[in-house]
Amino acid sequence: MSALDRRRTSSKRRITLRGVLVFTVPLVALGLYLFVASALDYQRVQQFDDWNARSKHVDRFGFDRVRALARWPRVCELEAHLSAEDETRPLLRLFVDQNHFDAVGNDILGRWGEEIEGTVDEHGTLEKVGLKLRGDTSVHWTTVKKSFALRADRGRMFKGYRQLAFSAKDVLPAYLANSLPSEFGIKCADTAVVPVFLNDRFYGLFRFTETLDESLLRRHVMLPGNVYRGDTAERGEYFKHQERELFKNLAIWDRAAKNDRPGSTGTAALGEWLGALNGSTHAEFEEAMSWLDRDELSRMLALMLACGDPFHMSGVHNQFWYEDPSSGLLHQIPWDIRLLDLDRPPADSHFNRALRTFLRDPRIFDGALAELAKQIEGGKLFAAAKRRMDEIETRFGDMLEYEHLREGLIPDIGTSQACLSTIERNLAKVKTWIGDASVACHAERDSNGLLVLDLETRGLAAAELTGFRVGGNSNDEWSPPPGDGEVTGKGVAVWADSDLDGVWSVGDRRVDGIQAWDTFVFDTPEILYPGVDTSRPILRSAPIAYRYFLVATRGDLTPNLRSRHTHEPVVASAWPKDSPIAASDSWHPWLEKPKPGREIVLKGDMQLTETLVVGATSTLTIEAGTHLTLGPNVSILAKGKVRARGTESAPITITNAVKQKPWGCFAMQGHGVDGSEFEWMNFEGGGGALLDRVEYTGMVCVHNAKNVTFRHCSFDSNMRCDDMIHADIADLNLLACSFRNANGDSVDYDMSGGEIRDCVIDRSANDGCDFMTCWPTVVGCTITNSLDKGISVGEASRPILFGNTIEGCNRGIEVKDTSEPVIAHNSIRNCKTGIRARLKNWRYGYGGWPKVVNSIVTDAKTTLEFDNKTHMTVYGSQIGNGGDAVPAPVDANWLFQQFGFTAKSDRLGPIDAFEIGTPRPPLVHVEFADDFGLPSDGWIRAGGVRRLDKRLEGLVATFKREHGGFGTTVDWKLDDPTKRYVLAVEVATEDMLTAELVIAPTSGAEIVVPIDTSRDPTRFEFAIADLPRGSYRGLMLRGVPNSAPKSGSSRLYVHRIDVVALDAGAR
Amino acid sequence: MRGLLGEARREGELAGVRRWLHAHERGLIVAWLVGVSACFALLFAWGVWQRGLESVVSWWYARSGTELARAERLYEAGRFEDAAALLERIDANHPAVIVKHRLDQEREEVLTLLGRSYVALDKKKRALETFDTLVAFDPRNWRNHYARAEALRAFVESDLAEAAYREVLRLHPTHFPTVETLTGMLFDVATLYAKVVELHQQYFNAWLLGSVELSLGATSVGLDVPVDGLPHAFDVPFEVAANFAGDARVATHGYSARIGELALVPAQHVGVAAPIVPAIFAGPWTPTAAKLDDQGRFAAASKESSFAQHVAVPNGAARVRIELTLYKQMSKDLWFKVEKSYSNRLLFDQLEDVRRRTVIGGVLEAGSLFEE
C-alpha cells in the first residue's frame, strides 16, 4: 500500500459517524434553537399589530441572535466594568424581586399593569418604589430591555418627582429632540439619559421623562390649570367606533391636570375652541386664534421643523394643551417629538388638522422661519445639540458601546453622530426655505392712468415690498376712489387692495411713502407673505396674490423687493397679463383689519351698569375725584393702559351700587396694561368675576402685565371673592397702600413679583399677604390682626421680607414647600406662632426654609414651629424672649445686595437706614439640585468622606470615622480695587467634632473659617469670609466626625455658595 | 442457561447492528449530512424566505375567528345553547386577555355574542357578568356599554340600564338609539320631564362635525359642517372650467340639511381691475334619498342623501360660496316626547329655538366615514 493510500485510509477512518454526529448535533441543535426561538419571538410580537410588530420578520430575529452571539465576548468585557457603585456619573440603581419582574415581563398581556415592588438606592439608603412596565407600542415590552415607570412611595419624592417614566425606545434621538424645546423658549417635560442598574446588573440606557401632570406645571412655573390630553393612538387608548381625529371629536379628550376652581368648566372650554377651530369663516378662525399665542405657535413649528417631525404630535395622539387660568390662553406642550429627516418623512405622514388650520395664517410659517433664521445664525442650535450629544458621549461612552452591541435584541438606541447629522440636514433644508423668497409681478396701466400692480409670492419665504422705481417724476393730480372722503392729491400715491375686491375702491388701504425723483419708498415695507401647502408631508409654497393701485405714475414701474429674512434683493419674475389668479386656501393677511384704539375717560359721578372693556389698543383714564359706582357683578376689564390719578384731596372711589351685592372686578389683563398707574384710589365692595373665560379671584386683579403700580390706594371690605388684590404672572407694585377687612387674603401674588412697600394691612380674614411661587420685595409694611398668617410664603417662593412689622396674627410668617424667603430686619410680635415652616403640598417634596436675618421674633406662644422636612438659617436674630442674651445685628449686605438693598444694620428689627437700588446678583452663585446630573456636580471627596452626593439639603458629605474633606477647583479673579469680596456659604453639620471652610488662593496662605458644629443639623448658618483681592483656585470643606455619632452618620451639608462683590466703602 | 442464551442473543444482535453500521457508515454520514442540510434548506426556504413560519403564526391567531363565525351561525339559527357552549370555550382560550392584543375586537365580539346568548336563554346572572367583563375589557368602546345597557333593560334593571346608557353618551354623546331609548325610559316616568329636557339639551348641544361633499362635475371639495341646526357659510377655493354646465351636487351622507344660495366666484386676472361678479344659483335643489319639508329643509332618508341643482358658469370659477345647515338625527316619536317635555316644563322659548333647529329625519350612520 502506498503512503498516499495509507493516508487516505487513515483519514477515512478518522471520519466516523460518531464524529460527524458529535460535530453536527450541536450545530443542528443551535440551528433548531434559532428557528424555534425566532419563530417564538415573532409569535410573541405578533400578538400586537402596531408599527413595531409590522416591521418584524422571523429572519431578522434569527440574524440578531447570531450577531449577538458573535459580539458576546466584547459585551461580557464591557459588562464587567459597568458598576452600580460608580459615583462619577448619574444612574438609577433599582432592586426588585427578579423572579417577579421576569414573570411579569414574560407574560406582558396576562399581567399588564401589575405593579412590582422595588427599592431604589437613594444616597445610600433604600427607598421603596413601585414599578410598572409601560409603553404605548410593543417595542417597549417585547425585548429584554423594557420601558417602565417608577412611582415613589406615598409622601416621598425621588429626584423631585413622584412618578418617573423610563423609555427604552430611541433613547438618543428622543432625548435630543425632546430637550431642544427650551432652545425655542418652549416649556417642556424634563428629560435625561439615565443608566439603569437592575439588581446591580446593567439593564440599559434609558430616557427619563417626567410625567405630564400638575407637578410639571408647578415645576416649570406655570399656574395649576387644565392640561387637555388627546392621546388615543394605540389599542387600549383609542375609542373604537368613534371619530378618531382629536380635533373633530371632543369626547375623546380628557385632562392630565385639572383646574378645579369654580370658574373652570372641565373640557367644555376645549369644545368651544374646537368649534371655532373647525369654523369656516375668517371670523371663526380669528376667534380660534385668539385662544393662542401666535408667536409661540411659530416657535413650536420651528422646533418641529428643526427636528424634522411636524407629524408625531398628530391628529390622534401626543396632544397636550395647557389652559393658562390667568389668561385663558391655550399652550401646546411638546411631547414625544421624533428626530427625522425633513426631506424623507415616514410613509403616511401628514399634518394634523389643527396645524393645517394654523398654517392658513401665513404669518405663522413666516414666524417659524424667522425663529429658525435666529437659531441657524452662528450655528446656535446645532451647537446646543452638539453640546448635549458630546455630554452623553463623554459620560456614557462605554454604556453606549454596550447598547450598540445589543442591536436587534433591544430597541434601537441611536447614535449621536446620526442625531447630529439629522439636525444638520434639517437646518440646511430650512436654510434654503429661508432664502426662497420669489415673487412674480405684472404692472398694467388702464386708460385712466390707474396702474394695477399684481404680485404673487411663489417661494416659501416672505418678501418685502419697500417701494417702486417709476419711470420719471410725476406731480400729476389725482382723485381718490369714489366714496373716499379724502381730498385730491398730487404725486404718486399707492393703495393696497385690502378689501380684495379687485378694483380700486373706498375699502382699500392707502400706503404711505415718500417720493424721491423716480423712486417711491414706503414708510413701512409691505410684507408679502406666501401661503403654505400642507396637503402633503413636505411643505410647499402656496401662492398668495397682492394687488396695488398706483396713481400719478409714468413709464415703466419696477417694484423694489427684498427677502424678508435675508434682506437680499429679489428680482420679480414676469407674470403674464390675463393669467388667472389662483384662489388660495390661506387666509389673506389683509383680511385682518387693525382695530383702532380709543381713549376712554371716566370722570365725575358715574354709574356703570354693564362691564366696561378697554381693548388692548385703547386707554382708560379716570380723573381725580371720580366716584364710580358699579352695579352687581359689573366689572372693568382693561387690556389697554390705565391711568387713574386721584389726589389726596380728590381721591377716586369705586364702590358697589347695591350695598349687599358686590360689583365684579377691576381686572387688568395682558401686556397692553404694562405701566398702568393708580394713585389715591379707594376700592370697596368688589367680588371677583369670570370674564372672557378667566376667573378673577380678587376685587382688583392684574394678570400677565408688568410694572403696574398702586400708590396711596386703599382697599376695603371685598365681598364673596378671596382676595382684595391679586396678581397672576405679573409685576405689581403696591406703595403706601392700605388694606382692611379682607374677605380672605388682602394681597395675593401667584408667580409674580414687584414691590410691596410701606403698606398697612389689617384684619384680613385669612392672610395679610399670600405668595405662591413668587419673588416680591416686601418692605416696611405693617401687618396686623390676620386671622391666619401675616405673610404666607409658599410653593417655591423666594421673596425678601425687609423691615416689616407683624403683630397680632395667628401665625406671623409661614414658610412652605421649598420656599426660601429672606426675612431681614422684621419684627414679629404677639402672634400665636412666630414663624412656622412646613410641607403643605406633597408635590414639592420638601418644606420651607426661611433665612432669618437681623430679625426679632418674640412674645409668641410658639416662637418657632418647624415640621419635619424643613430647615432654617438664622443670622444675627433674636428668636424668643432672649432675656439678656440678645444677639448683635450682623452685616448682611452681601445677602441684601442681590435684592437691591443696602442697609446699615445697626439694630435688630425694622431700621430706617437702608436704600433700595438695582438688584446686583452675586458674582458666583451655586446651588445643588438632586437630579439626574452629575452626582456631586464635579466636587471631589477625599480622606474620610465616604459619600458625596446632592440631596434636598444641598451637597452632602457623609463621613467615615476619620477626618476628611471635599472640594472643587474654582477660577475666581477678584481684583477690582473698588470692590470688596465676600464669600458666604450656607452650611450645617451633623455629629461633627470640627468643621471648617477653606479657601485656597492661587498664591498665599489658605483662608480658614470655622463652622459651628453645635447646632441642630436642620439649623444652618452662613459661614462668611472676607476675601482679599486676588485669584482663587480652590474651595474646600473639611472636618473631623464624632467617633460615636448619635444619628448614625456624621455629615456636612452645603446648601448654597455665593461670592459677592460689594462697594469697597460700604460696611 | 436461558439468561445466558438471552444475553448471548442480545450481544449477537448488537454486534450485528454494529457491523451493519460500520458497513454502511459512509452512506449514513452522507445521508445524515444531506438530510440535515435538506431539512434546514427546506425550513429556511419555506419558513423564512417564503414566510411560511409567519403564515403558521397568522393561521394560529386566525383559529378563534373561524370558531367565532361558527358560533354566529348557531346564534342566527336560534341554537342559543350550542352557541353559548361554543362561545364559552372560545372565550376561555382566547389569546386576547387584554385590549392591547391584536384580536381585541374579536374577543369583544365573542363576549357580546355570548352575553346575547345568555339573554336569549334568560340567564341573567351570567349575561350581566359577561357584559361586565366586556365593559371592563375595553371601557372606551361605547358599544360595550351599549350592549350592557341593552341587557340590563332586557332584564328590567332600569336604574342600572339608565346609568349604562349614560355611560354610552359620555363616550358618544350623539348616539341616537341611546338618546331615543333613554328618553323613552325617562318619559315613561311622567315626573321626569326635566330629565328629558336635560338629556335632549345634552344631545342637541353635543358638538358634532359632519362631512359634506360639494361637487361640480368631476371636481369636488369636502366641507366640515357643524351639525347644530345653524347656518354656516363656506368660501373655499374651487376651480371650475369656463363654460361649465352641469349639476352641482351636495352630498350630506345621511344628514338632514338646508342648503342656501350657491355662488361661484370667477377668478381675478392679472392686470385686469374689474369687479368680480359671482354667478349665483338660488334655485331649488333636487333631493335624492331625502324629502323636502314645508320650511325648505331636507330630511335625509339614507346615507346616500344628496341634492343637485343645474348650474352653468360661462366664466368658470375660482372659489365657491355656499351656506349649509345640518341637523342632528331626529325621529317623530322622539320629537313628540321632547316637545311634550319642554311644554310641560313651560320652556316655550327654548322649545321654539330647538324646533327651528330640528328636522325629523336623518340616519344613524350619517357621517360615519372615519376609519377604524
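Mentor: Let us begin with contact, a term that applies to two residues if their C-beta atoms, placed from the backbone, lie within 7 Å. On that basis, the contact between the chains takes 53 residues from chain B and 57 residues from chain A. This is a predicted model, in which local features need pLDDT of at least 70 and side-chain atom pairs count only at pLDDT 80 or more, while totals for chains, interfaces and linings use all residues. Residues are numbered from 1 along each chain as its sequence is written, and chains are lettered from A and ligands numbered from 1 in the order in which they are written.

Trainee: Which helix of chain B gives the most to the side that touches chain A?

Mentor: Helix 2 of chain B does, with ten residues; helices here are DSSP runs of H or I with at least four residues, strands are runs of E with at least two, and both are numbered from the N terminus. Other elements that each supply at least two residues to that side include helix 3 (52–76) and strand 11 (317–327) of chain B.

Trainee: What is the make-up of that side of chain B by class?

Mentor: It has 34 nonpolar, eight polar and eleven charged residues, where Ala, Val, Leu, Ile, Met, Phe, Trp, Tyr, Cys and Pro count as nonpolar, Asp, Glu, Lys and Arg as charged, and the others, Gly among them, as polar.

Trainee: What makes helix 2 of chain A roughly parallel to helix 2 of chain B?

Mentor: The two helices pack at an angle of about 10°, with their axes 11 Å apart. Angles under 35 degrees count as roughly parallel, over 145 as roughly antiparallel, 65 to 115 as roughly perpendicular and the rest as oblique, so helix 2 of chain A is called roughly parallel to helix 2 of chain B. The axes are lines fitted to C-alpha atoms, for helices over the stretch in contact, and angles run from 0 to 180 degrees between N-to-C directions. Among the residues that meet there are A:Val28 and A:Phe35 on one helix and B:Trp32 and B:Phe40 on the other, and by class this contact has eleven nonpolar, three polar and one charged residues.

Trainee: Why do strand 9 and strand 11 of chain A stand at the edges?

Mentor: The open sheet has four strands in the order 9-8-10-11, with antiparallel pairing, and two strands pair if DSSP finds at least two bridges between them. Strand 9 (254–257) and strand 11 (330–332) of chain A each have a single partner strand, so one side of each is left without a neighbour in the sheet. Strand 8 and strand 10 of chain A, by comparison with the cut-off, pair in the antiparallel sense over four bridges, and A:Gly230 has A:Gln319 as its bridge partner.

Trainee: Why does B:Ala274 count as exposed?

Mentor: A residue is buried if 20 or more other C-beta atoms lie within 10 Å of its own, exposed if 12 or fewer, and partly exposed in between, with C-beta atoms placed from the backbone. B:Ala274 has 10 C-beta neighbours inside 10 Å, and therefore counts as exposed. Its place is in the loop between strand 5 (256–265) and strand 6 (279–281) of chain B, and, leaving aside neighbours within four places in sequence, B:Ala274 is in contact with A:Gly502 and A:Val503.

Trainee: How much of chain A is buried?

Mentor: Buried residues make up 47% of the 1067 residues in chain A.
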